[in-house]
Amino acid sequence: MYRLSKAILLGGILLFSCSWGFFAHQKINRLSVFILPPEMIGFYKKNIQYIAETAVNPDRRRYAVADEAPRHYIDLDDYGDSAAYKLPRYWKDAVEKYGEDSLQAHGIVPWHVYRMYFQLKEAFTIRDPDRILRLSAELGHYVSDAHVPLHTTSNYDGQQTGQSGIHGFWESRLPELYFGEYDFFVGKAEYIKNVQLAMWQVIATTAQKKDSVLLIEKRLFEKEGSKKFNFETKGRQTVKVVSEEYARQYHQLLNGMVERQLRASIKMTGSIWYTAWIDAGQPDLKALINYRPTEEELKKRKEELLLWKQQTQKAREHEHEEN
Ligand SMILES: [Zn+2]
């Protein structure tokens, strides 16, 4: 998630990172590999490092790709009551009703995941290992973002309720602190009859949690606000972080929500990979097991990363000057 980028550097104080955090995104992709069936797991395991690393590419290219940002969220509240149930299920119908610009302005994550599922299915059909891996990894990112309650509201960082910073607190700080305590046994990947409808179910379930995420923190802050922040020194920077004591209390009050959302992200990611493979006619992935990226592919990946890094740096410097 990156609408937060502007808030990242405030007077040189790093307040929070963005999107489930690089850490959680990489873990989700990695763990999703292990729920795959025997016909798939060998190929994915062999490339697990790349699948984990590439999980965060959608966040990395924020400043290089103009249409990137809306793919990570949907501001349901912009559409009125029960939007998760009332919005057109399919992109074509949604465009007809609202127009593409308006949809882009409010975020498109459930439709984008469905588009990516199709692309992945295609990649399986033509047995293109490079595309299968890249699309699998990136699909995992968007599926996971759809499980973050604050990715379903225009109050995505608590900025409308005096809770700025809650986005990174919930999706980065908490998983980083408590990941080791979670149980990630989620069973096997399951076939999904209709990926688009399943994604709307995900969005509806995720959105239901949004009020708790905000309200619970608000009440906690009223009681324990003075304990909320600590300063840590990292290199030459002073970093303002949510204190572990405050984080622990919030985490307990959320009663397993972060863990549940991480688990659901893993289950859904692996299940969509599996579904795309089934729907492509179960191509033989063992035949791709010896795949190595060509020199050219490797060079392209490197250049892409470098370009995104430069663009990000430039954009941040620019924002910094504006602040
Ligand atoms: Zn994201």
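Axes here are lines fitted to C-alpha atoms, for helices over the stretch in contact, and angles run from 0 to 180 degrees between N-to-C directions. With that in hand, let's explore this predicted model.

**Exercise 1.** Find out how helices H10 and H15 are oriented to each other.

*Solution.* Start by locating the pair: H10 covers residues 129–145 and H15 covers residues 257–279. Next, take the geometry: the axes lie 9 Å apart, at an angle of about 140 degrees. Now compare with the cut-offs: over 145 degrees counts as roughly antiparallel, and 65 to 115 as roughly perpendicular. H10 and H15 are therefore oblique to each other.

**Exercise 2.** Work out which residues of H10 and H15 meet, and of what class they are.

*Solution.* On the H10 side, look for Ser136, Leu139, Gly140, Val143 and Ser144. Facing them from H15 are Ser265, Met268, Thr269, Ile272 and Trp273. Sorted by class, this contact has 5 nonpolar residues, 5 polar ones and no charged ones.

**Exercise 3.** Describe how strands E3 and E4 pair.

*Solution.* First find E3 at residues 229–234 and E4 at residues 237–242. They pair in the antiparallel sense, over 6 bridges. As an example, Phe229 stands opposite Val242 in E4. Then look at the turn: 2 residues lie between the strands of this hairpin, and Gly235 has a positive phi near 60 degrees.

**Exercise 4.** Decide where to read the model with care.

*Solution.* Over residues 4–17, however, the pLDDT is below 50. Where pLDDT is low, the predicted coordinates should not be read in detail.

Terms used
Residues numbered from 1 in each chain as written. Predicted model: local features only at pLDDT ≥ 70, side-chain atom pairs only at ≥ 80, totals over all residues. pLDDT = per-residue confidence, 0-100. Contact = placed C-beta atoms within 7 Å. Helix = DSSP H or I, 4+ residues; strand = E, 2+ residues; numbered from the N terminus. Parallel < 35°, antiparallel > 145°, perpendicular 65-115°, else oblique. Nonpolar A, V, L, I, M, F, W, Y, C, P; charged D, E, K, R; others polar. Pairing = 2+ DSSP bridges.
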